[in-house]
Amino acid sequence: MSATTAGRAARTSLGLAALLFLVAPLRAGAQNTGTVLGTVTRQSDGARLGGVAVSVEGTNLATVTGTDGAYTLPRVPAGAHALRFRWLRYRPQTVAVTVEPGHTSEIDVALAAQPVTLAEVVVTASRRYERVMDAPSAISLADVPQARTAHLTGQVPAALANVPGVDLVQSGVTDFNVNARGFNSSLNRRVLVLQDGRDLAITFLGAQEWAANPLLDEAVRIELVRGPGSALYGANAFSGVLAITTPAARETPGTRLALSGGELGTFRADVRHAGALWARRVGYRLTAGLGTSDTWSRSRTSRDGLDLRREYAPATDRMVSVAAVERRPLNGQDTTAVTGTPTGDRAPLRTMHGAGRIDLYADNGAVGTAEGGVTLAENELYVTGIGRVQVARALRPWARVALTHPSYTVMAWYSGRRSLDPQIALLSGATFEENSGMFHLEGQVTHRFGADRGRVVLGASLRRTHLDTKSTLMHPANDGRSDAFYSGYSQVEYRVTPRVRVVAAARVDDGDLLRGQFSPRAAVVVSPNERHAFRATVSRAFQSPNYAEFFLRVPAAAPATAPRALEFAIEQFLRTVKGSFPTEPSITALALPDDLPWDFDSLTQALALGNEGLDVEGVTAWEVGYKGTFGRAYVTLDGYVNLLDDFVTDLLPAVNLAYPRYLLTDGGTNVASWLGSLDAVFAGLRSAARITPAQEATLRGTIAALLDGYTALNTWTGSGLATLPAGTRALVLSYTNAGRVIERGVEAGAGIDIGGGVRLDGSYTFFDFEIRQSSDGDSLKPNTPTHKGTLSVSYLAPRGLEVAATVRLVDRYDWAAGVFAGSIPASQTVDLSAAYRLSNTLRLHVVGTNLLDQMRYHMYGGSVVGRRILGGVTANF
């Protein structure tokens, strides 16, 4: 199936699914209903609380309080219900209410402040609602101030900066890698990232473009499950699952305008309008935004190769090696002809996005959702295995439809990517395109059994991808392709006793590019009481090679003319010698050939090529964990031992059997020996006065030059010279599976409510590893510090002032990924955020990241990141 046909089929299927899902809730039979409304305040001072989630347990009826603390839940089925009130930093509260047909029930609630998040309800760990305390995994929630800051700065991953076990690597303004538990990379995809169940990865690389995935609302919920998650989520939930959940349309009523700006020439504007129609049976939301900013990235085109050293000088006292000279500067810049020095202003980073959502509510608790949007991203820079790549202009359309009910969920989504302008590989100067998309259909049912002591979750999914790079990233034979992937999964949990719960899950994945994979997980959770929980978990997960690792075909460096020129020169010299001394026994005895078998083209390519024979990476994990609360304090402690095997290596020479290694000495060719022997012969002929001194100087001078060229050619090709299917030679780098590693670590988190609105939180992470097996030439490094930690203090004043400060400490560590390898300096980063609510409609805020302007790079080859202070205002109408 062609990419065009696949894309058309995906859009048609999604449209039919949307029609079905939107009509289905309306077919639900009507029943007698009533309305529940009220106001939520803070217990300590009576201040009204906005953003509190209010839900009717056992249904999908939910809303959030407005800025005045008021909420309304219409069309609540008649009868007795439990009303649940939740918001981070406050103790959840459940209130009983009896709804009478056609009547309004008023329920006002005062929430008490709570320093811990362990009572919060999460979904990701078990694909169902459960408390953090009860989850069979290590799971964390981003705090409210962190989520708000991420929305204001456009840096979504920054919301996870304080989470134990997280490796947060930044290069540039919006280029982030989010990883957990070691073995990070320049394009990390070991953590599966979902937004409302939709995979945010791009098809070709399987990684995220964070600039193209803005938070659509500051009221989002961000959950991170650390540890293998393939038993429920499949491929690439290798080290964890990051789930971003946006609120339903009618949970954020009214109009909100947010404006911010500051250092790096940053300006951001976001607007949202949401509301409800038809007695709140229909919710709708429209969002739009734009942003522009300078970047910390710098061009590296100077001919002396010292740009990286000069760029890194303020960030490290270690020697930075000379780096390969990039052939292209950043967009907007040019270079001088002689020195290659970049000139002119860098083109700014720009994003524009828009989205819309409709929710339809049925009386039986079902909710139908249809939403979609598009983001335009310009000029962001990404560090890849072949060097830095700049995305000039890319369009990211997406759509999702879902039908959710307390006992079942059906969902379909589409995520695409289109290169409006070619992407530029700065090192080689090559240009790339990607026009791709993913269509995904998934269904899940939940069933309770054993007098509500047990629960079964069953699900299945189908995914089809299409990819067309216009032969810029893949060979034409592999391009324009469409592939299908299938899965089925199940989780069974049973409460053996009131204090002991066992959980077992398994998933099977198969597909056109994936050999059948079985991913199991088993866990036991012991809760002596409501305040403490212990768990033990064992699981298996996998990461599938991406399209680049399978089918990549791009220049790794500029093509070279020298190999063919040297081959021609040697051939000409040998012919000349044979013609000039046809009867000289010492020369005829060498049996010099007329032609060499090297067969270099006029331009010898240096290629990065995929390997279609790759297998999946695997991890087997053993984990233990504890969560507990002690009055106003909480503690979490998790430990793990992981066995990782069959790593997909970096690009290496001589590892892909499809491109056999070729040596310059193959076939009995021994140029160095021939030239050395001729040098000795000519010295002897001169001693015998059979050639003149001038002839000797010319012949031996030519030999010396040819030997120098031969040595340089050997150095350039290294072990990477290979034979292409057409029979020509090229420098080839490719991927293979290799390596076995044991990694172990400890992740600790703690917090305490001191009182008076002041809260302290901290985290510490220890990581260690042992390489049991590695591939020759592959620098297998975890790209993770041994020690890192955070300490944060926050203050929530009764009259609308919020202040939070965080210190993040990261140990020095080594980095190796693709063409970049070096040392990452230790860092001590201070972040500060503050907000003040002037009224129920107006809020001022200021955010300072890396407040002390400590110049650091977080990945070798990445940009040096400095301070950025932004200020702004948010208005709600």
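Me: How far apart are the end C-alpha atoms of helix α9 (residues 693-717)?
Reply: Helices (H or I, at least four residues) and strands (E, at least two) are DSSP runs, numbered from the N terminus. The expected span of a helix is 1.5 Å times one less than its number of residues. Helix α9 has 25 residues, so it should span 36 Å. The model agrees: the end C-alpha atoms are apart by 36 Å.

Me: What pLDDT does the protein average?
Reply: This is a predicted model, where local features need pLDDT of at least 70, side-chain atom pairs count only at pLDDT 80 or more, and totals for chains, interfaces and linings use all residues. Residues are numbered from 1 along each chain as its sequence is written, and side-chain values use heavy atoms, leaving out hydrogens and water. pLDDT is the predictor's confidence in each residue, from 0 to 100. In this protein, 92% of the residues score at least 70, and the average is 88.

Me: How many contacts does the stretch of residues 9-30 have beyond near neighbours in sequence?
Reply: The pLDDT is below 50 over residues 9-30. Where pLDDT is low, the predicted coordinates should not be read in detail. Contact means heavy atoms within 4.5 Å. Beyond near neighbours in sequence, the number of contacts that residues 9-30 have in the model is 38.

Me: Which elements do the buried residues of α9 pack against?
Reply: Buried means under 20% relative accessible area, exposed over 50%, partly exposed in between (1.4 Å probe, protein chains only). In α9, the buried residues include Leu-699, Ile-703, Leu-706 and Tyr-710. They pack against α6 (562-580), α8 (671-687), β40 (721-723) and β41 (729-734).

Me: Why do the buried residues of α8 line one face of the helix?
Reply: Among the buried residues of α8 are Trp-674, Leu-675, Leu-678, Val-681 and Phe-682. An α-helix has 3.6 residues a turn, so residues three or four places apart point the same way. The arc is taken over the directions from the helix axis to the C-beta atoms. The buried residues of α8 line one face because, seen down the axis, they fall within an arc of 120°.

Me: How many bridges join strand β42 (residues 737-755) to strand β43 (residues 758-773)?
Reply: Two strands pair if DSSP finds at least two bridges between them. β42 and β43 form a hairpin with 2 residues between them. Arg-744 stands opposite Asp-768 in β43. The two strands run antiparallel, and the bridges that join them number 15.

Me: Which residue is the bridge partner of Ser-763 in β44?
Reply: β43 also pairs with strand β44 (residues 787-796). This pairing is antiparallel, over 9 bridges. In β44, the partner of Ser-763 is Thr-790.

Me: Which are the edge strands of the open sheet of 5 strands?
Reply: The order is β11-β16-β17-β14-β15, with mixed pairing. Within this order, β16 (residues 221-226) and β17 (residues 240-245) are antiparallel over 6 bridges. An edge strand here pairs on one side only. The edge strands are β11 (138-141) and β15 (198-199).

Me: Is Arg-198 buried or exposed?
Reply: Arg-198 lies in strand β15. Its contacts, leaving aside neighbours within four places in sequence, include Trp-398, Trp-413 and Tyr-414. Its relative accessibility is 4%, so Arg-198 counts as buried.

Me: How far apart in space are Arg-198 and His-440, C-alpha to C-alpha?
Reply: In sequence, Arg-198 and His-440 are 242 residues apart. In space, C-alpha to C-alpha, the distance between them is 8.4 Å.
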